[in-house]
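Hi everyone, thanks for coming. Let's look at this one together, starting with a pair of helices and then stepping back to the domains.

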Amino acid sequence: MSEARVTAGMADTIPAVAGDKTPGRSGRAVKAARPVRPSGRRKRLELVLLLTPATLLFAGFVLAPIALAAYYSFYNWDGYGPLTSAGLSNYTSAITGSNFQHSVGHNLIIVGLSLVIQLPLSIGLAMLLNRNLKGRALLRLVVFAPYVLSEAITAVVWYQMLQPNGFVDQVLISLGLGSQVHLWLASPSLVLYTLFVVITWKYIGFGIILLLAGLQGVPSELREVAALDGASSWQVTRHIVLPLLGPTIRIWIFLSVIGSLQLFDLVWIMTGGGPAEASNTMATYIYNFGIQKQQYGFASAVAVILFIICFAFALAYQRFVLRRDTEGALTRVVG
Amino acid sequence: MRRIRTISFVAAAAALALTASACSSSSGGAKSSSSTGSANLTWWHNGTTDPVKSLWAQAAADYTAAHPNVKFTVDPIQNEQFKTKVPAALAGGNPPDIFQQWGGGQLTSQITSGKVMDLTSAVSSWISELGATAAGWQANGKQYGIPYDLHVVGFWYRKDLFSQAGITAPPTTMDELNADVAKLKTHNIAPIAIGSKDGWPDAFYWDYFAVRECSTDVLKQASKDLKLDDPCWTKAGNDVKTFLATNPFQTGFLGTPAQQGVGSSAGLVASGKAAMELQGDWELPTMEGLLPNGNFKSQMGWFPFPAVTGGQGDPAVALGGGDGFSCTTGAGPSCADFLKYLASPAVQDKIASQGIALPANPASSSKLTDPNLQTISSYAAKAPYIQMYFDIAFPTAVGQSLDNAVADFFAGKGTPQTIIQSVTSSGSGGK
């Protein structure tokens, strides 16, 4: 779970959701003001003043780089000489390359594991922390703390702890689990799952906070009524709490999938994509095979593929899954 | 799960797209006007820490004192950043006047930008003082950079751990090395440390086996045509395989970095947890950075990569490289003169006496005080040929592919043939 603030899809969603109520009001204001010309001009001036900086920044730092990456992806360029046309060869060599396919596979494994392991874990812990426990505030703090650390710090700390004979191994040995000591980061078959554990440690707090906020929105009256009607606590959870948590869970899945697809920092610092490319993600693959080898055209092609995957997912998810949650914010023309 | 700050292609593309605008503002204009002879030279070097940082600051100050019309904007830049900053700067409108230059295939790529200054005529009167070393900074028969130090790769070892294991003399053949590895193991000492997480230390092994298996002519030809047809290249891969089968490295070596932290391969040797490491002559300063108060220095010894039975290569041939600088076309004549100053005994003596590296100028070798550096220096002086590390000698894409392929091989993926293909497919393989 992670935030994915700057993805193309989200950039639209966030301001729209935040301004959920305002558009309606200003919409009426516009209607009322329509006959009066100067006010309409003022409105337009306001729009121009307020939207221009954001539009320029968005165009300059998001749209233009997208366009340029798409352009470069059809050329070979080592950074120095002239561009040489490459046609679609950058795309075909990426898609047919086994290391690229594995990298995409690694991303999908992380996505899958997140949904299967992190989501139930977050929901369970959030429900637990939503109860009246002693020291609840402290527990919430502890669970949320890793999310506050920067990803680089997390990576370096865990990297040190996971070294052979490091902290993790010593803890296992002192617990009598010496047989469970493995080469956490040096074993090609294990490294991806080691990374997933660290990712979970880091981002579980975010999911829990999100779900706790969602739980606050479940009216206690509903639970009480259900309890009066003789519903067991499992029935209350299954038929009242979970359905009402639906919007929160759906947005968590969205953020989690986008975050998983773009996973970079943690992997890069802890393993560099190795050993033997066993922990490469699409983003570390771009860096390994594109930037470090100074094959910028190829790097752009892979980046475009990553973009298409993320964008397609974001659009499809918003269209088919989030439609009800964001209705009114996205689906109606405002103003 | 995590994003790169913006969606990743934006980062990649922005780096490309902003090249022109970003660089024009960053280097701060270092224009020389030939009419007055005054110049302000922007200098990018990788000496971000002492003693190199002070050495260059002093060199710039001294040169300005002697030539008041030449001033410097000295800009120390972290080593890894050169890989991306230099291409961007050369593609943009306003590159630095002097920048770090490792020569080889990278240099060959850089000159296609047309912004790297041809120094051939400016240095012709004195370049021979540097001997064969300067050849690494040539391309198409022209001199495009000047080295200031020389690097040689070899085995660093712990004398105390060797004597603990009952080893009396450093090995000179692979058979002896294998026997020593076995002895160290029976004494529960990790025989050899390696930083395989970084990839390039793995490549040193393949490189050196190739240098031992292949004749000098074959080696020289390889950097020119990138065709590894001679069977000696396959033999090198097989040698690596045989060597790996002896399990000579520390536990979990695939996850060990080369130079970061006391858990790195350099740190393992410095703290006495491993007995040997195949690394460059820069290893001592690296270890000091990791273990500032360690008393390892007196325990360190050095021996060249052992001879390989049946190899076509001269066992005296070394693997190495060096550091240097290039000028860009807008820098003016004072730039070449400054590089001459850096290669002159005035600066070279300091590089040697402070133990920073092996001086590029052989005249200053006598100023080396560290006994190990003296050993390495005399080995380098006797070497009939110094093969530049292949990842630098080959064009960047090819060199990086080679490092990747060897690193994969160390992790049990691939064959000696896939290593060769990583080179012969011109870096397009392995995707």
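In chain B, helix 9 and helix 11 make a right-handed crossing; a crossing is right-handed if the near helix is turned clockwise from the far one by less than a right angle, and left-handed if anticlockwise. Helices (H or I, at least four residues) and strands (E, at least two) are DSSP runs, numbered from the N terminus.

A word on the source: this is a predicted model, where local features need pLDDT of at least 70 and side-chain atom pairs count only at pLDDT 80 or more, while totals for chains, interfaces and linings use all residues. Residues are numbered from 1 along each chain as its sequence is written, and chains are lettered from A and ligands numbered from 1 in the order in which they are written.

At what angle do helix 9 and helix 11 of chain B pack? About 130°, with axes 8 Å apart; axes are lines fitted to C-alpha atoms over the stretch in contact, and angles run from 0 to 180 degrees between N-to-C directions. The two helices are therefore oblique to each other, the word for angles that are not under 35 degrees (roughly parallel), over 145 (roughly antiparallel) or 65 to 115 (roughly perpendicular).

Among the residues that meet are Trp206(B) and Phe209(B) from helix 9, and Trp233(B) and Phe243(B) from helix 11. Contact means C-beta atoms, placed from the backbone, within 7 Å.

Now the domains: chain B has domain 1 (16-151 + 321-376) and domain 2 (152-319 + 389-424), with bounds from an automatic or database domain assignment. Their centres, taken over C-alpha atoms, are 29 Å apart. Each domain of chain B gives 17 residues to the contact.

Technical notes. Contact = placed C-beta atoms within 7 Å.
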